[in-house]
Structures are given as structure tokens and as C-alpha cells.
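Have the viewer open as you read.

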Amino acid sequence: MKEFQGLEKRIGYRFKDKQLLKASLTHPSYRYENPDVESDNQRLEFLGDSVLGLLAADALMKVHPEAPEGELTKFKSALASGASLARVAADLDLGGSLRMGRGEEAAGGAERESNLEDALEALIGAIWMDGGLKAVRRFFDRHIFQVLENTEPAMLNPKGTLQEFAQKKGFGIPEYSVVEESGPDHDRRFKVKVTVSTFVFRGDGRSRREAEKVAAEKAVRSLVQ
């Protein structure tokens, strides 16, 4: 499939089974509008999430050989956050290759953090199925390992960091509120805003908790760092 040659070059992996790559880039909304399409990226996303967790845990044990379990868990959580994965996906321009339904595309779905995160995890799952551990580890080392190395301590617990900053500045406790809920029960999406004094930051995710964390990360990057 020539349409994916540019993407394969960017990710540094050429698929033997192009259908796996195609499925990893198929948003559920596209399948809904095209019933003849056999699969979307949800199952691959499920697999990729577990593979990513394994690779991240293995890398963290090597990067932080003296860190206690609690600290390793925080680093792993920071790596697996929607914002971190979405940045990697954006660098690879996965959004430009996503197949989406007309409504999702018109609503800016190619840039939505939750879609980019899902696509990256699905891509990881697809590489695992197509090339095994060796191939997916090369992808991880090339594109994701740097996130581990560059994770700032303040981002291990962004909500806690933001609250501490706000209270020190006399802004009071940050206020989180849900702006929008969308999607079917099996694929809910939440948009949340956090207000700190006169500043407002937004985040989205597959749960309210995840969306709040994304919003807090944006606030920390803007106000604290």
C-alpha cells in the first residue's frame, strides 16, 4: 500500500502484513460509517497498551536501577499519559494517516489527543503482531524511550504539582470541571477544564481522571516550568 510508505519510513518499520498497519490507523467512527470494514484499531490498542507497559517497565528498571517501586510506578504513569503518547504520535504525524468518519474528521479528530494516543498504542500492537518483540522494542527505543529520559519530576504527579504551585501563589485549589462527554458507553470521551486563578487549561481523555491529568500537565508546563 503506497499510501503508507511515508509513515513506514517515519516509524522505521516496514510491515509484512499491511492490513495490520491499516487496522491500527482505523478509528471506530470510520468502521461505523463503513460496515464493510472488518476491524478498527480498538483491539490492537488493547494489545499495544500492554506491550507498552512491558517495554516501559523493562526500560525503567535499567534507567533507574536504584528507584523504589513507587517512584517507578509514577514514571511509568507519566510515560503512559495521554499527553506524552500524543506528542510522540504527533511527531510521527499519525493523525495525518488516521482513517476517521466524516463527523470525527470534521471535529478535528486528527489532532485530538485521545485519538493520537489510541493510534500510537494500536500501532505498537500491530508491530508486535507483525514483527514480534525485537521489532517493537526497536520502535520503542527509537521513538518512546526519550520520553522516559526527559520526564521531569514535576510531571510525575501533575495534579499534585499544580495544586502545590497554586496554593503557594495564593491562587487557591485548582478547580476541575467536565466540559463535554461524548461517544458510546464502550468508548466514552471526556473534555475537562482546570481553572487556576484567571488561567484555564483543557484536556481530554477516555475517563474524567485521565482528562484532568492531561489538563493539569498543560497547566504545569505553562505555569510552573
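The notes below cover a cavity, the sheet beside it in the discussion, and a helix.

This is a predicted model. A search of the whole structure turns up 1 cavity of 30 Å³ or more. There is also an open sheet of 3 strands, and helix α11 packs on that sheet.

**The cavity**
- The volume of the largest cavity is about 40 Å³.
- Its lining is made up of R112, E180, E181, S182, R189, F190, K191 and D204.
- Two elements, β1 (175-182) and β2 (189-196), each give two or more residues to the lining of the largest cavity.

- β1 and β3 (199-205) are the edge strands, each pairing on one side only.
- From one strand to the next, the twist averages 20°.

**Where the topics meet**
- β1 and β2 are joined by 7 bridges in the antiparallel sense.
- Within this part of the sheet, E180 stands opposite K191 in β2; E180 and K191 are also among the residues that line the largest cavity.

**The helix on the sheet**
- Helix α11 spans residues 208-224 and touches β1, β2 and β3.
- The direction of helix α11 makes about 140° with that of β3.

Note on methods. Residues are numbered from 1 along each chain as its sequence is written. This is a predicted model: local features need pLDDT of at least 70, side-chain atom pairs count only at pLDDT 80 or more; totals for chains, interfaces and linings use all residues. Side-chain values use heavy atoms; hydrogens and water are left out. On a 1 Å grid over the protein atoms alone, a cavity is a set of points where a 1.4 Å probe fits but cannot get out, and a pocket is an open set with protein on both sides within 12 Å along at least five of seven lines; lining residues have an atom within 4 Å of a point. Grid points are joined across faces, edges and corners, and a volume is the space filled by probe spheres set on the points. Helices (H or I, at least four residues) and strands (E, at least two) are DSSP runs, numbered from the N terminus. Two strands pair if DSSP finds at least two bridges between them. Axes are lines fitted to C-alpha atoms, for helices over the stretch in contact, and angles run from 0 to 180 degrees between N-to-C directions. Contact means heavy atoms within 4.5 Å.
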